[in-house]
Amino acid sequence: EIGSEAFENCAKLTEVNIPDSVTEIEYQAFYNCTNLSQVTLSKNVKTMGTRAFGNCTSLTAIEIPKSLTVSGGPFEDCSNLRNVTFEKGVTEITNRLFWHCNGIEEVTIPDTVTVIEDYAFYNCSKLSRVGIPNSVTEIGSWAFQNCAKLTEVNIPDSVTEIEYQAFYGCTNLPKISIPNSVTSLGTRAFAYCTNLRDVSLSEKLTSIGTEMFR
């Protein structure tokens, strides 16, 4: 375990290699290490706390291990984080994983992922394209909210549910096709998508949330 605020404000720290013995990195453990440019995570880390690497503005790349099951916005305000990869076998994009990561422009989600959890890419304001594989069954609440530059998203026919405000405020998204596998659309899932012009809905929808296209 690496405890809360353990290395917070270590401004000259440039590289961290976290051994595979570590399973938990707590709240703000490396917060505001503004010169930290290289991080190798433990292959066994299960939990990463809020802002564990928050405001590490020199960090440009990270590989997410498949062991990670709980996160709370560990890379918040890592404004230059662009290159995101996942260890083979990862099954979920955890809660708030890339919350406020404004540098990410494109993401390819591996075909082992089944769930994109709540807030996963919330307010990734430069994210323009995301590849969602056929393995994903659920897109969580606020998952892509306020991804204002998102221009393309292909929802595969493995998805059965798109939850509350999943694509809320994606103001440059021109087109969306909801596959027939989807039975439920959450409240305001596509609200304030102000450039949305072309919509194709699933024929198997049984529930459409309030203010879907507000």
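Tutor: We'll take the sheet, then the rings, then a few loop residues.

Student: What kind of model is it, and how are residues numbered?

Tutor: This is a predicted model, so local features need pLDDT of at least 70 and side-chain atom pairs pLDDT 80 or more, while totals for chains, interfaces and linings use all residues. Residues are numbered from 1 along each chain as its sequence is written, and side-chain values use heavy atoms, with hydrogens and water left out.

Student: OK, the open sheet. What's the strand order, and is the pairing parallel or antiparallel?

Tutor: The order is β8-β10-β12-β14-β16-β18, six strands with parallel pairing. Strands here are DSSP E runs of at least two residues, numbered from the N terminus. Two strands pair if DSSP finds at least two bridges between them.

Student: Which are the edge strands?

Tutor: β8 (92-93) and β18 (207-208); each pairs on one side only. β16 (residues 184-185) pairs with β18 over two bridges, in the parallel sense. Across that pairing, Leu-185 stands opposite Ile-208.

Student: Switching to rings. How many aromatic pairs are there?

Tutor: The structure holds 16. Rings of Phe, Tyr and Trp (its six-membered ring) pair if their centres lie within 6.5 Å; planes under 30 degrees apart are stacked, over 60 edge-to-face, the rest tilted. Tyr-119 and Trp-142 form a stacked pair, 4.5 Å centre to centre with 10° between the planes.

Student: Where do Tyr-119 and Trp-142 lie?

Tutor: Tyr-119 is in the loop between β10 (115-116) and β11 (129-131), and Trp-142 in the loop between β12 (138-139) and β13, so the pair ties together parts 23 residues apart in sequence.

Student: Is Tyr-119 buried or exposed?

Tutor: Tyr-119 counts as buried, at 16% relative accessibility. Trp-142 is partly exposed at 21%. Buried means under 20% relative accessible area, exposed over 50%, partly exposed in between (1.4 Å probe, protein chains only).

Student: What lies over the face of Tyr-119?

Tutor: Arg-96, at 4.3 Å from the ring centre. The charged end of Arg-96 also sits over the ring of Trp-99, 4.5 Å from its centre. A charge sits over a ring if NZ of Lys or CZ of Arg is within 6 Å of the ring centre and within 35 degrees of the ring normal.

Student: Now a loop residue. Where is Ser-158?

Tutor: Ser-158 is in the loop between β13 (152-154) and β14 (161-162). Ser-158 is buried, with a relative accessible area of 16%.

Student: And which backbone oxygen lies 2.5 Å from a polar side-chain atom of Ser-158?

Tutor: That of Val-136. Leaving aside neighbours within four places in sequence, Ser-158 is in contact with residues including Pro-133, Val-136 and Ser-181. Contact means heavy atoms within 4.5 Å.

Student: What about Gln-28, buried or exposed?

Tutor: Buried, with a relative accessible area of 6%. Gln-28 lies in the loop between β2 (24-25) and β3 (38-40). Beyond four places in sequence, Gln-28 touches residues including Glu-5, Thr-50 and Arg-51.

Student: What's the phi of Arg-51?

Tutor: Positive, about 55°, although Arg-51 is not a glycine. Arg-51 is in the loop between β4 (47-48) and β5. Asn-32 also has a positive phi, near 65°. Asn-32 sits in the loop between β2 and β3, and counts as partly exposed at 22% relative accessibility.

Note on methods
Helix = DSSP H or I, 4+ residues; strand = E, 2+ residues; numbered from the N terminus. Polar contact = N/O pair within 3.5 Å; in protein donor to acceptor, adjacent residues only side chain to side chain.
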